[in-house]
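Me: I'd like to learn how to read charged pairs and backbone angles in a model. Could you walk me through it with the structure below?

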Amino acid sequence: MAGADPGARIGELLDRLGREAGPQARETADELVRSVVEFYGEGLARTVRLLRTAPAGSDPLAVLTADELVGDLLILHDLHPEDTMTRVGRALDKVRPYLGSHAGDVEVAGLDAEAPEGPTLRLRLRGSCDGCPSSTQTVRWTIEEAVARLAPEIAHIEVEGVTEEPAAGGQPLLQIQPRPPADAPGAPPPAADAPTASAAEPPHWHTLAAPALPARDHATRVADVEGNALLLVRLPGNLYAYRDRCPGCGADLRTAPLDGEFLSCAACAARFDIRHAGRGEQAHLEPLPLLEEEGAVRVALPELLGARP
């Protein structure tokens, strides 16, 4: 209520919860409050730091919205200068270069802000997944990550046009449940009863520093992330990530020669089309979801979820 001490009021509510629901509920509530305070404290700290270090003459609001956590807080309190669809458009612009090799292009089919499950974004893919079956999964995760990071208020996404086995009795739809950024303070862990299939559980995204990336076009580099070998290939205009393993013979690909846009396994001579989801004549490389944004590269590792083919 107006004029009341918020801290004192929170303490009173916690004490009442402890009396009415027991000590275990009180401990859970205490942890929740600590997480919320940590979340907002980190947001305030970043706000101060961003404004102090902003270049002279820069727009303070633009500086703040460029930060993911501060931007999320502005969205939460309806203070963000961009509306939902503008931010969705920016997210899809980040995804399009990657989708060019997997599923053509993506367009917005509509936004249902009053859907029972929460704001629902409907997208449509033009073209088809022109690679191995796992490229469908990479499309799913890449769209999910991009939208979740720029428009976290979207609760549900439906994507038409993904090449998958049709659902009985209707148009196949790709169902996506966006999530808050995994590195946000206080982000909740997955629910204990959540589905364990890799299509339902969000992947683990990792940021790669510049030294781990190919330094020039038509170059490859192998990066190690938590014991997982990633083959990174830089072609003009795009960076691609694949599992460092030939699907034909099982050999690693770190010494595989790159001929234009095709990679040839040094052990079995199998050739793979890097721009088109690792397509090969007999087998396909396994593509990994990758996003390049503001100088950073983020990649998701399905094998950390037990999703090996």
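Me: Let me start with a single side chain: is R90 buried, partly exposed or exposed?

Reply: R90 is partly exposed, with a relative accessible area of 30%. Buried means under 20% relative accessible area, exposed means over 50%, and partly exposed lies in between (1.4 Å probe, protein chains only). Before we go on, a word on the source: this is a predicted model, so local features need pLDDT of at least 70 and side-chain atom pairs count only at pLDDT 80 or more, while totals for chains, interfaces and linings use all residues. Residues are numbered from 1 along each chain as its sequence is written, and side-chain values use heavy atoms, with hydrogens and water left out.

Me: Which residue forms a salt bridge with R90?

Reply: Here is the general idea: side chains of opposite charge can pair when their charged atoms come close. The rule used here asks for a side-chain nitrogen of Lys or Arg within 4 Å of a carboxyl oxygen of Asp or Glu. R90 pairs with E82, and their closest N and O atoms are 3.0 Å apart. E82 is partly exposed too, at 26% relative accessibility.

Me: How many salt bridges does that rule give?

Reply: The count comes to 18 salt bridges. One of them joins R46 and D67, with 3.4 Å from N to O. R46 lies in helix α2 (residues 23-53) and D67 in the loop between α3 (60-65) and α4 (68-76), so this pair ties together parts that are 21 residues apart in sequence. Helices here are DSSP runs (H or I, at least four residues), strands are runs of E (at least two), and both are numbered from the N terminus.

Me: What else does D67 reach, and is it buried or exposed?

Reply: D67 is buried, with a relative accessible area of 14%, whereas R46 is partly exposed at 21%. The D67 side chain reaches the backbone nitrogen of L69 at 3.2 Å. Its 3.4 Å approach to the side chain of R46 is also a polar contact, meaning a pair of N or O atoms within 3.5 Å; within protein, one must be able to donate a hydrogen and the other to accept it, and residues adjacent in sequence count only if both atoms are side-chain atoms. Leaving out residues up to four places away in sequence, D67 touches R46 and L50, where contact means heavy atoms within 4.5 Å.

Me: Now the backbone. Which phi value does E226 have?

Reply: In general, most residues other than glycine have a negative phi. E226 has a positive phi of about 50 degrees, although it is not a glycine. E226 sits in the loop between β6 (219-225) and β7 (228-235) and is exposed, at 58% relative accessibility.

Me: And where is A269 found, and what is its phi?

Reply: A269 is found in the loop between β10 (262-264) and β11 (271-273). Its phi is near 70 degrees, a positive value in a residue other than glycine. A269 is exposed, with a relative accessible area of 53%.
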